[in-house]
Amino acid sequence: MKKKSSMISLKNPFQHVLPRLVIFFVFLVGTWIIMTSSDYIHKSVSAMQAPAREANDALNFNPPMAGDPDSVMAAGFSIDDDLTGNSGQTTDLLPGITGEHTGRTANLDQADANSNMMIPARSNSSESRNQTEKRDKEQDLAEMNRFEAGAFEDPENCEMCHQEIFDAWSQSKHRYAWENIFYQPDYIQASRESEGFTDIFCGECHAPIGVRTGQLPPPDGSQMDETSRKGVSCDYCHTVKKVVRPFNVQTISDPGDVKRGPKGDGWASYHEIEFSKIHTDPAFCGACHNVVHPTSGAPVIDTYDDWKAGPYAQEGIRCQDCHMTPGPGVEKNPGRSSFMGEDRDHVATHFFQGGSVFFHEKMGNQQEAALSRQMLEAAAELETEVFRTNNGVEIIARVKNVGAGHKIPTGVTYIRKMWLEVTAKNGSGEEIFRSGHVTESNRIDPGAKFYRKIFKDAEGNLTPKSWVAEEIGYDHRIPAKGHDEQLFRVPAVHDDDEIHVLIRLMYRSMSQEVAEGLGIEGIEVPALEMTRAELTIP
């Protein structure tokens with residue numbers, strides 16, 4: 001069932017700005033005076049004609065080309081031991097699960113052996129030539145995206161006119177793409193273990209302004225100004241003029257007076273407004289939310305590819321229709337983008353909600369946490385079938401992806417967990433079967449039925465480290481409008497005894513092991529319920 005959020009409406013554009021009207025009118029008068037001065041004209045022309053800054057050697061790193069992992073969180077931590085199946089056998093490696101998988105669990109313990117693996121060398125001459133050509137193209141793009149520090153505006157400058165949009169963004173994961181308590185320790189570890197490979201490979205998405213103004217690397221962020229530290233901010237997105245290819249942040253920036261977006265008919269005293277078709281296109285999202293390993297070609301993050309190959313793309317439902325609306329599903333948010341803007345039937349929200357309930361609760365962003373929880377609860381449904389046998393009861397749990405336009409889970413699926421928790425009790429309330437429960441140490445039962453993706457390195461070992469990914473080693477997820485079936489066998493009870501069964505689909509944005517590896521004291525990752533099915537078997 002789809003739920004609507006309690007997001008504040010934009011219908012009353014003055015509810016946040018009345019105390020600022022006096023300041024705003026003073027600002028208008030000052031703007032008019034400045035605009036009539038020759039000094040203003042001289043500075044504007046100079047800014048538009050200013051050449052790109054000289055090349056920063058840090059961006060011409062070798063090996064590989066500049067790239068982005070949307071969110072390569074915790075890739076440096078060992079794989080969880082909650083992925084070991086009861087049988088101790090490794091399943092066939094699955095290139096991509098559809099709706100008919102019968103439910104087997106892989107043994108991924110060997111991934112721990114890769115804790116110190118570095119970037120693999122390439123020896124094939126043909127592959128080397130291809131990689132050289134790719135690197136040259138990427139470096140050409142990097143040259144086009146070289147700007148002086150201060151070229152991009154601080155998002156605080158946008159707040160007065162776009163108060164509610166600013167407030168939403170300021171709680172979003174875009175805002176905290178860089179200043180993130182979970183991302184930062186992992187980024188430093190990844191940089192150290194990969195000898196700097198991930199500095200731009202990860203930084204291009206988590207701190208795009210820092211990279212494009214030469215303030216990142218170094219990976220500790222010591223050279224970054226405040227604007228660069230604010231993650232994926234207003235002026236980065238609204239000065240993109242082209243998406244070259246929808247992966248690894250292959251965009252072209254054009255910071256300056258022109259701000260681009262899905263509307264071009266508005267007016268602003270502070271900047272020019274230009275309609276941008278690319279801002280209405282899911283490829284704009286794909287530039288960050290699709291990540292390909294720059295040397296092996298392994299799909300690190302495939303959210304955009306999932307969407308493009310699926311039914312939502314065919315139906316014309318875009319990323320923006322679900323993730324820039326008031327709640328799950330395609331909804332409208334009538335109002336104005338600023339207090340002096342035009343009335344619209346829909347103004348894009350800037351929470352960019354996903355499934356990161358844990359992160360937002362940890363940061364104290366309760367509204368964002370509630371929206372994220374709604375997204376999780378709307379993503380899937382459970383159906384069941386029951387068969388009595390001589391040995392007990394067989395239960396088929398069918399997990400259906402009904403609300404996500406991509407596979408579930410998605411994003412950094414190599415650290416995320418989605419699994420089935422099953423509890424069966426007899427008529428007296430005694431537990432007779434369980435699977436997928438959380439243990440006392442906040443780990444997950446190793447016999448659980450998991451949904452996730454994991455990599456293989458150059459030696460064929462399973463690993464969660466995206467920077468050594470040569471190929472996909474294991475992929476068990478549910479595509480958009482697809483389903484997966486898992487079989488559970490409950491032992492026999494007395495013939496006249498009822499069996500009460502509870503099946504829950506659970507989710508963690510990261511495992512307890514990964515969280516503890518971040519070095520944060522007292523951290524405990526919650527297990528969140530996405531959906532449930534209850535049945536009584538007579």
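**A covered helix and the charged pairs beyond it**

Reply: Helix α10, residues 282-289, is mostly covered, since seven of its eight residues are buried, where buried means under 20% relative accessible area, exposed means over 50%, and partly exposed lies in between, with a 1.4 Å probe and protein chains only. Helices here are DSSP runs of H or I with at least four residues, strands are runs of E with at least two, and both are numbered from the N terminus. This is a predicted model, in which local features need pLDDT of at least 70 and side-chain atom pairs count only at pLDDT 80 or more, while totals for chains, interfaces and linings use all residues. Residues are numbered from 1 along each chain as its sequence is written, and side-chain values use heavy atoms, with hydrogens and water left out.

The buried residues of α10 are P282, A283, F284, C285, G286, A287 and C288. At the start of α10, a side-chain oxygen of D281 comes to within 2.9 Å of the backbone nitrogen of A283.

After α5 comes E195, whose phi is positive, near 55°. T227 is placed in helix α8 (residues 226-229) and, at 9% relative accessibility, counts as buried; leaving aside residues up to four places away in sequence, T227 touches F152, E153, D154, P155 and I209.

Now to the charged pairs. Side chains of opposite charge can pair when their charged atoms come close. The structure holds 34 salt bridges, each one being a side-chain nitrogen of Lys or Arg within 4 Å of a carboxyl oxygen of Asp or Glu. One of them joins R477 to D306, with the closest N and O atoms 3.9 Å apart. Because R477 lies in the loop between β13 (471-476) and β14 (483-491) while D306 lies in helix α11 (residues 303-309), this pair ties together parts that are 171 residues apart in sequence. R477 is buried, with a relative accessible area of 0%, and D306 is buried as well, at 12%.

Another salt bridge brings together the side chains of R373 and E361, at 3.0 Å from N to O. R373 belongs to helix α15 (residues 366-379) and E361 to helix α14 (residues 357-363), so the pair ties together parts that are twelve residues apart in sequence. R373 is partly exposed, with a relative accessible area of 30%, and E361 counts as partly exposed at 34%.

A further pair sits between two strands. Strand β7 (residues 380-389) and strand β8 (residues 392-401) run antiparallel and are joined by ten bridges, strands being paired if DSSP finds at least two bridges between them. A hairpin of two residues connects β7 to β8, and the bridge partner of E381 in β8 is K400. R398 forms a salt bridge with E383, the closest N and O atoms being 3.1 Å apart. Since R398 lies in strand β8 and E383 in strand β7, the pair ties together parts that are 15 residues apart in sequence. R398 counts as buried at 14% relative accessibility, whereas E383 is partly exposed at 31%. Elsewhere, salt bridges that share partners join D302, D306, K407, K453, D475 and R477 into one network.

Definitions and conventions: Contact means heavy atoms within 4.5 Å. A polar contact is a pair of N or O atoms within 3.5 Å; within protein, one must be able to donate a hydrogen and the other to accept it, and residues adjacent in sequence count only if both atoms are side-chain atoms.
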